[in-house]
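Take a look at it first, then read on.

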Amino acid sequence: MTNFNTRLVHPPVQDDNNTGAVNVPIYQATTFAFPSVETPGKDDYSRSGNPTRRALEEQLADLEGGVAGFAFASGMAAIHAALAIFKRGDHLIVGQQIYGGTFRLLHQFFQRWGLSITTVDTRDLEAIAAAIRPNTKAIYFEPVTNPLLHVTPIKAVARLAHQHQLLTIVDNTFLSPYLLRPLSWGADIVIHSATKYLAGHSVVSAGAVVVNSQELAQRLYFIQNALGSILSPKDSSTLMLGIKTLGLRLDRQMANVKQLIHYLHGRPEVQQIYYPGIAGQPDYPTLHQEARGAGGVFSFELDEETVDPVKFVNSLHLFKLAVSLGAVESLVELPSRMSHAELKPAEQRAAGIKPGLIRMAVGIEDYHDQLADIQQAIKHAHQSKEEF
């Protein structure tokens with residue numbers, strides 16, 4: 001069974017189930033008995049290894065084409081573990097547009113720990129090269145950024161990194177291995193907030209790291225075991241259930257996105273659309289050199305003189321006002337008032353975050369219902385604007 005969608009459905013078998021169960025059982029055990037002092041078993045303590053979590057980790061490694069995978073209690077725990085391989089005095093080059101939690105971890109934790117950080121636009125290879133120092137150890141970026149969906153080519157960055165003996169670390173949350181496999185383009189470490197597309201149902205918090213070498217696997221395993229921020233057996237099982245439908249969900253989500261963009265493209269209230277998954281959009285050629293699609297998230301800018309963006313998002317019913325993505329239900333957020341609210345107005349505009357910018361994480365509902373929800377919200381926002 002070598003095709004990707006088949007591997008989504010069938011995680012590796014752990015060879016210790018005598019019941020005939022077609023799914024990996026939940027081994028809800030913290031301790032495993034030794035057959036004898038001389039012959040310890042495969043597992044001894046669940047923090048160090050658990051059959052349910054191991055099946056998930058082996059599947060994650062297989063899907064990403066890596067040597068080993070590691071499952072954590074959250075996406076931030078996974079990012080923490082990946083960055084914990086570095087030491088005081090090391091220098092990292094980091095993409096300008098990264099998840100806010102990653103930015104906070106880097107600048108409010110790891111900098112106090114002794115790491116130095118330089119942020120650059122990773123689409124600019126000359127800027128990356130200019131930022132490299134003698135103590136630089138890695139380049140960290142998101143190939144599709146949030147919320148403007150700018151695209152950085154992995155192969156070009158990895159080639160530059162390897163010329164300078166640097167690691168390439170890619171957060172692949174937005175696309176998942178169904179659409180993009182960074183290790184195949186030269187990345188060394190791939191990170192996921194598995195809470196999002198991999199799990200897909202807003203019911204489990206999880207993170208994942210996949211590496212391309214045994215040396216990195218040993219370092220990540222030490223950190224995972226030492227820090228202990230592992231994914232529980234039950235949550236590992238829930239995540240594996242979500243992974244089974246990853247391809248089906250993303251295909252439906254991307255089809256829905258394209259229908260909604262087709263409608264919004266002709267609306268006079270919409271000034272700009274951000275989605276590199278449609279021909280003619282910026283970064284479309286760059287994305288499709290390495291990825292199969294752009295995922296289920298897109299952003300657009302409303303004309304604030306015509307439509308009140310706050311009234312628009314508050315008027316949506318099917319699209320829930322929430323700050324996640326990748327699940328079966330549709331979500332919406334207003335970045336200037338939610339995910340980027342801690343930035344001053346001038347800082348927001350410098351980052352391209354305008355008051356009228358809307359980000360939608362599109363679910364698997366019938367797109368006719370999604371479209372009707374957007375239409376009524378635009379109408380309501382028009383009416384609200386006229387009242388003032």
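What follows covers a sheet, a cavity and a few residues picked out one by one.

This is a predicted model, so local features need pLDDT of at least 70 and side-chain atom pairs count only at pLDDT 80 or more, while totals for chains, interfaces and linings use all residues. Residues are numbered from 1 along each chain as its sequence is written, and side-chain values use heavy atoms, with hydrogens and water left out.

**The sheet**

Let's start with the strands. Five of them make an open sheet with mixed pairing, in the order E8-E9-E12-E11-E10. Strand E8 (270-274) and strand E10 (320-321) sit at the edges with a single partner strand each, so one side of each has no neighbour in the sheet. Helix H10 (residues 246-265) packs on the sheet, where H10 touches E8 and E9, and the direction of H10 makes about 15° with that of E9. Helices (H or I, at least four residues) and strands (E, at least two) are DSSP runs, numbered from the N terminus. Two strands pair if DSSP finds at least two bridges between them, and contact means heavy atoms within 4.5 Å. Axes are lines fitted to C-alpha atoms, for helices over the stretch in contact, with angles running from 0 to 180 degrees between N-to-C directions.

Now zoom in on E12. Strand E9 (residues 297-302) runs antiparallel to strand E12 (residues 357-361), and five bridges join them. Strand E11 (residues 331-333) also pairs with E12 in the antiparallel sense, over three bridges. Here are some of the bridge partners:

| Residue | Bridge partner in E12 |
|---|---|
| Phe-300 | Ile-358 |
| Ser-299 | Arg-359 |
| Val-332 | Met-360 |

How many of E12's residues are buried? Five of its five are, where buried means under 20% relative accessible area, exposed over 50%, and partly exposed in between (1.4 Å probe, protein chains only). Leu-357, Arg-359 and Ala-361 point one way from E12, while Ile-358 and Met-360 point the other way.

**The cavity**

The structure holds one cavity of 30 Å³ or more, and the largest cavity has about 70 Å³ of space. On a 1 Å grid over the protein atoms alone, a cavity is a set of points where a 1.4 Å probe fits but cannot get out, and lining residues have an atom within 4 Å of a point. Grid points are joined across faces, edges and corners, and a volume is the space filled by probe spheres set on the points. Among the lining residues are Pro-143, Val-151, Leu-175, Thr-286 and Glu-290. By class, the lining has nine nonpolar, two polar and one charged residues. Ala, Val, Leu, Ile, Met, Phe, Trp, Tyr, Cys and Pro count as nonpolar, Asp, Glu, Lys and Arg as charged, and the others, Gly among them, as polar.

**Some residues to look up**

The peptide bond from Asn-146 to Pro-147 is cis, with omega near 5°. Pro-147 is in the loop between strand E4 (136-141) and helix H6 (154-163).

Gln-165 isn't a glycine, yet its phi is positive, near 55°. Gln-165 is in the loop between H6 and strand E5 (167-171), and is exposed at 67% relative accessible area. Ser-176 also has a positive phi, about 70°. Ser-176 lies in helix H7 (residues 176-179) and is buried, at 1%.

Note on methods: 1 Å grid on protein atoms, 1.4 Å probe; cavity = no way out; pocket = protein on both sides within 12 Å on 5 of 7 lines; lining within 4 Å.
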